[in-house]
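Hello,

Here is the structure I promised to pass on. My notes follow below it.

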Amino acid sequence: MVLLSTVTQAGIVQLVSKIIGYDKIIFLKPNVLYQIQKISFVPLNNFMLYDDVWTITEPYFKQYILLENHDKYHKRICIVKSSSCSNTTSTGVIDVNEVQKWCDTNDYFNLIPSNHNEIETANVLWNCERFITSWGTAYYKNIRYIGDLCQNIYVLIPPEFKKQYEKRKNKPHSHTYTKYKNANVRYIYFNKLKDVTI
C-alpha cells in the first residue's frame, strides 16, 4: 500500500495507479490525525528528475507507463501554458484560441493536458518526432516523456521568463539541453505566438 495526500496532483495519482494499482493507494486528508501501525518512508532527495535520477527511473517508466499501440499518436506535438489549463500561476499564459490557431497553421497537435490523462500524455510525447513547448512546468515536466524518435524540441520563452531562463541556462541540472536523446533543442524568445516560425 502507498499513502498519498488527497491533494496530490492528478497526474501523480495516475502514474502511481498505473504502476501499483489504484486499489493499493490510501489517501490521507490534510490536517487529519491518523494512527498507523507500521510505515516506511521513501526519502526524497530532490524535487527534479535530474539526469542521474532519470537514468535509474526510465526503465520503470518504459516497463509500466508506455503502451504498445504507437499508430494512433501524433508526430508533431505542442504543449504550451494556455488559458485552457488549470495553471498554478498566471505568468506566461497564452490564450487557448491563439495556441490552437498557431497549431493549425503550423501542423502541430495542440495537446491540452486537461483533456488527457498523464499516461496518454506520456505515450504521445514518447512517440513524437517534433515537440514544441513553453518554458516552465510544461517543459520541465514533459521533457522526460520524450523518446528516441524525437528529432527537434523547441522551447518558447515569453518575455516574463526571459530573465529566469538566462539565469538558469547552462547551469548544472538546469535542463537547458542543446541535445536531448536524439533531439536538437532550441530556445526561442517570443512576444506573440503568431510571430513564431519553426
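A side-chain polar atom of Ser174 sits 3.3 Å from the backbone oxygen of Arg168. Another backbone oxygen, that of Lys171, is 2.9 Å from a polar atom of the Ser174 side chain. Both are polar contacts (N or O atoms within 3.5 Å; within protein, one must be able to donate a hydrogen and the other to accept it, and residues adjacent in sequence count only if both atoms are side-chain atoms).

Before the rest, the ground rules. This is a predicted model: local features need pLDDT of at least 70, side-chain atom pairs count only at pLDDT 80 or more, and totals for chains, interfaces and linings use all residues. Residues are numbered from 1 along each chain as its sequence is written, and side-chain values use heavy atoms, with hydrogens and water left out.

Back to Ser174. Its place is the loop between helix 6 (162-168) and strand 7 (179-180). Helices (H or I, at least four residues) and strands (E, at least two) are DSSP runs, numbered from the N terminus. Ser174 is buried, at 7% relative accessibility. Buried means under 20% relative accessible area, exposed over 50%, partly exposed in between (1.4 Å probe, protein chains only). Beyond its neighbours within four places in sequence, Ser174 touches Tyr140, Arg168 and Lys169; contact means heavy atoms within 4.5 Å.

Next, helix 2. It covers residues 51-64 and bends by about 40 degrees at Thr57. The bend is the angle between axes fitted to the seven residues ending there and the seven starting there. A proline, Pro59, follows within four residues. Trp54, Glu58 and Phe61 are buried in this helix. Their cover includes helix 4 (118-126) and strand 7.

Then the strands. Four of the five residues of strand 5 (130-134) are buried. Strand 5 pairs in the parallel sense with strand 3 (76-79) over four bridges, and with strand 6 (152-157), also parallel, over five bridges. Pairing requires at least two DSSP bridges between two strands. Ile132 of strand 5 stands opposite Cys78. In strand 6, the bridge partner of Ile132 is Tyr154.

Cys103 is buried, at 1% relative accessible area. For Cys150, the nearest is the sulfur of Cys128, at 4.2 Å. Cys150 is buried too, at 0%.

Best regards

Key:
Disulfide = S-S within 2.5 Å. Expected span 1.5 Å × (residues − 1).
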